[in-house]
Amino acid sequence: MDLYYGSFHALKNININIPEREITAFIGPSGCGKSTFLKSLNRMNDLVEGCRISGDIKLDGVDIYKDKMDVNVLRKRVGMVFQKPNPFPMSIYDNIAYGPRTHGVRSKARLDEIVEKSLRDAAIWDEVKDRLNKSALGMSGGQQQRLCIARALAVEPEVLLMDEPTSA
């Protein structure tokens, strides 16, 4: 796989098989392309003007760029937590329930279960359980990042991409 920003060749001849059910880490100096590579794995680079990818990126044998994969389905399967926390400007509860609602979960009882489990799995439930209806924007940076981890976990992705998730 190669990735270009206009005429700039940012990622060159990337060839890697990432094993299933394992933690894989990419390390390297600032600016070497780690974040760019991660964002290419769930097509977040689609939003970057002038970004072009050649080659193949396959998930379960399906090329995520060429085989008409629905981006919403891909992003449910391949979640992303960014380096900088990016909570939605809504309540803590609605931040977590957003993804499941987008994918058809309507039952309040089921959403309640998902929200609690996701917040527990991200080690923030005890800190926020009494203020789920408060704005997520009022949380500390570290709490916002754990909220974003919980939000990613809420849709039960097969792959979870985390770009320096402990930076905050």
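Before anything else, a term I need: a crossing is right-handed if the near helix is turned clockwise from the far one by less than a right angle, and left-handed if anticlockwise. I am working with a predicted model, where local features need pLDDT of at least 70, side-chain atom pairs count only at pLDDT 80 or more, and totals for chains, interfaces and linings use all residues. Residues are numbered from 1 along each chain as its sequence is written, and side-chain values use heavy atoms, with hydrogens and water left out.

**Entry one: the helix pair**

I looked up α3 (residues 92–102) and α6 (residues 141–153), whose axes come within 7 Å and cross at roughly 30°. That makes α3 roughly parallel to α6 (angles under 35 degrees count as such). I noted the crossing of α3 past α6 as right-handed.

Which residues meet there? From α3 I found Ile 92, Asn 95 and Ile 96, facing Leu 147, Ala 150 and Arg 151 of α6; contact means heavy atoms within 4.5 Å. By class, this contact has four nonpolar, one polar and one charged residues.

**Entry two: Arg 43**

Next I went to Arg 43, which sits in the loop between α1 (34–40) and β3 (51–54). Is Arg 43 buried or exposed? Arg 43 counts as buried because its relative accessibility is 13%, and the cut-off is under 20% relative accessible area with a 1.4 Å probe, protein chains only.

The Arg 43 side chain makes a polar contact with the side chain of Asp 46 at 2.8 Å (a pair of N or O atoms within 3.5 Å, one able to donate a hydrogen and the other to accept it). The Arg 43 side chain also reaches the backbone oxygen of Ile 64 at 2.9 Å. Leaving out residues up to four places away in sequence, I listed what Arg 43 touches: Ile 64, Tyr 65, Met 69, Val 71, Leu 74 and Arg 75.

Conventions:
Axes are lines fitted to C-alpha atoms, for helices over the stretch in contact, and angles run from 0 to 180 degrees between N-to-C directions. Helices (H or I, at least four residues) and strands (E, at least two) are DSSP runs, numbered from the N terminus. Angles under 35 degrees count as roughly parallel, over 145 as roughly antiparallel, 65 to 115 as roughly perpendicular and the rest as oblique. Ala, Val, Leu, Ile, Met, Phe, Trp, Tyr, Cys and Pro count as nonpolar, Asp, Glu, Lys and Arg as charged, and the others, Gly among them, as polar. Buried means under 20% relative accessible area, exposed over 50%, partly exposed in between (1.4 Å probe, protein chains only).
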